[in-house]
Amino acid sequence: MRVVIAEDQVLLREGLVRLFTDGGHEVVAALGDAEGLENAAATADLVVVDVRMPPTFTDEGARAARALKESRPALGVLVLSQHVETTHTADLITLGGFGYLLKDRVLDVADFLAAADRVARGGSALDPHVVASLVGRKGPLDALSDRERAVLALMAQGLTNSGIAKRLHLSERTVEAHVRHLFTKLDLPSDVDGHRRVLAVLAHLSPEVAS
């Protein structure tokens with residue numbers, strides 16, 4: 001895939017360039033701020049952008065991510081942040097081709113590249129800490145058991161039933177049963193697969209995200 005990186009920290013920016021290059025991808029631009037990001041992303045499949053960018057180091061990256069998704073909905077946008085900050089990205093979480101990861105996730109290279117590839121292909125990738133902040137809120141999710149919450153959290157991260165089974169050390173059959181039960185409890189369609197089921201989950205959570 002063709003990747004554009006916008007990150008003001010030089011070491012992290014260069015590290016990301018090397019990471020994607022070594023992974024067989026083409027980095028078409030590596031920027032130190034959000035200025036010129038839209039033009040640089042014209043031919044990209046994925047944009048990786050820091051939430052806080054120069055000159056004010058507040059929300060320049062988040063606003064740039066929003067603008068990119070509004071102008072090119074099919075573009076994969078992966079937001080990186082030092083801490084969980086959903087103020088300017090809450091509504092983007094429910095979109096396909098969007099990811100929100102904490103920067104320390106970059107250290108797990110294989111997992112990070114898999115998440116980036118998923119976003120570039122129109123899927124979702126949410127950091128476990130972001131998901132935890134969503135599923136930990138009160139509301140319709142109160143009806144779920146602890147195991148169903150765990151399955152839901154991994155679903156929202158973009159994992160398949162097979163991936164969830166490996167993570168929780170369960171059989172795929174058991175995971176499928178949990179998915180059916182939680183979809184029933186949340187009144188969500190059970191006949192969706194891939195990133196569409198992730199979007200269904202996140203769409204259900206979106207009112208809580210915005211609160």
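A residue counts as buried when its relative accessible area is under 20%. By that rule, 49% of the 211 residues in this protein are buried. The model I am showing is a predicted one.

Some overall figures. The protein has 9 helices and 6 strands. It exposes about 9,900 Å², and carbon and sulfur atoms supply 53% of that. If we take contacts between residues at least 6 apart in sequence, 61% of them join residues at least 24 apart.

Now to one strand, β3, residues 46–50. How many of its residues are buried? The count is 5 of 5, so that strand is mostly covered, given the cut-off of under 20%. Leu-46, Val-48 and Asp-50 point one way from β3, while Val-47 and Val-49 point the other way. Note that Asp-50 is among the buried ones.

What does β3 pair with? Strand β1, residues 2–6, runs parallel to β3 and is joined to it by 4 bridges. Ala-6 stands opposite Val-49 there. Strand β4, residues 76–81, also runs parallel to β3, with 5 bridges between them. In β4, Leu-78 is the bridge partner of Val-48.

Last, the second largest pocket. It holds about 180 Å³ of space. Which helix gives the largest share of the lining? That is α3, with 5 residues. Helices α2 (37–40) and α3 (60–71) each supply at least two lining residues. The lining includes Leu-37, Glu-38, Pro-54, Pro-55 and Arg-63. By class, it has 7 nonpolar and 5 charged residues, and no polar ones.

Conventions. Residues numbered from 1 in each chain as written. Predicted model: local features only at pLDDT ≥ 70, side-chain atom pairs only at ≥ 80, totals over all residues. Heavy atoms only, no water. 1 Å grid on protein atoms, 1.4 Å probe; cavity = no way out; pocket = protein on both sides within 12 Å on 5 of 7 lines; lining within 4 Å. Points joined across faces, edges and corners; volume = space filled by probe spheres on them. Nonpolar A, V, L, I, M, F, W, Y, C, P; charged D, E, K, R; others polar. Buried < 20%, exposed > 50% of the residue type's maximum accessible area, 1.4 Å probe, protein only. Contact = heavy atoms within 4.5 Å. Areas by Shrake-Rupley, 256 points an atom, 1.4 Å probe, with all protein chains shown as cover. Pairing = 2+ DSSP bridges.
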